[in-house]
Amino acid sequence: MPYVRAAALVAALVATLGDAAAKSNYCLTADPPPTYVTAGYQGDMGYRLHQAGDQRILIAEGGIRAGESGRLASAIAAYAPVSEIWFNSPGGDANEGPLMGRVVRKQNLAVRIPNNFSCASACTYAFLGGVVRSIDPGGSYGIHMFTGYGNNPQQYVSLMTAFVGVAAKRQELLKAGNKLGAVDNWTMGQIKGFLRDIEQRSAVRASAQAKFLVEMSASLEFMTDVFGTEADGMCFLNAAGLRRYNVTNVM
């Protein structure tokens, strides 16, 4: 079953991550470098060409939305020939990050995060698609834990509604004279079903991310700081972490 295979892979992955103290070794303890905050960075991702000598550089800037991998592929084709992509993005749709990375890898492109540019969350997976990956001093690369339910408020409302429904049904069963033990067993079964769904979502996503890291020649230890940083927080990797996890592959 897919869930069993995903859970087994995640369990094996977690077992290889090593001491959780590694997080303090590779996450910046000071404030991250200043973010290159522009109207483009704060809005939806857009693309523009930057000419540097004989280099044609595609700048990808802004938030990542559903379908972004297709828009990235179209931009690369529209501005061809492109030799390098500069990313400046706060992230966005978690599913699109690896898809964008595969688009970059298929085109055999280099990627860069220049000084005062920031690539965080889903953007970091797009960045890993580069065959040559470099981050200039002052550029920031931020990772954190994904969420099994994503950032769609309606998904959380639906989950809350389901829990409320179980609570109401439990009271109904008790009022009907059913034994407390039997009712509690029924309640436990319902709650376990909800939690199993969350676990499955997380396991499948974690296994997909691990597979992507292997494809992009990044270290699986990368997931140490991913799992060790809450979804609402951010671990901006320092230079040692970027080298350790093979995020950057040039000196």
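**Exercise 1. Which residues do ring pairs link into a cluster, and how many aromatic pairs are there by the rule?**

Step 1. Rings of Phe, Tyr and Trp (its six-membered ring) pair if their centres lie within 6.5 Å; planes under 30 degrees apart count as stacked, over 60 as edge-to-face and the rest as tilted.

Step 2. This rule gives eight aromatic pairs.

Step 3. The cluster linked by ring pairs consists of Tyr26, Tyr125, Phe127, Tyr141, Phe212, Phe222 and Tyr245.

The model is predicted: local features need pLDDT of at least 70, side-chain atom pairs count only at pLDDT 80 or more, and totals for chains, interfaces and linings use all residues. Residues are numbered from 1 along each chain as its sequence is written, and side-chain values use heavy atoms, with hydrogens and water left out.

**Exercise 2. Classify the pair Tyr26 and Tyr245, and state whether Tyr26 is buried or exposed.**

Step 1. The ring centres are 5.5 Å apart and the planes stand at 70°, so Tyr26 and Tyr245 are edge-to-face.

Step 2. Tyr26 lies in helix H2 (residues 22–26) and Tyr245 in the segment after helix H10 (239–244), 219 residues apart. Helices are DSSP runs (H or I, at least four residues), numbered from the N terminus.

Step 3. Buried means under 20% relative accessible area, exposed over 50%, partly exposed in between (1.4 Å probe, protein chains only). Tyr26, at 16%, is buried, and Tyr245, at 1%, is also buried.

How values were computed:
Helix = DSSP H or I, 4+ residues; strand = E, 2+ residues; numbered from the N terminus.
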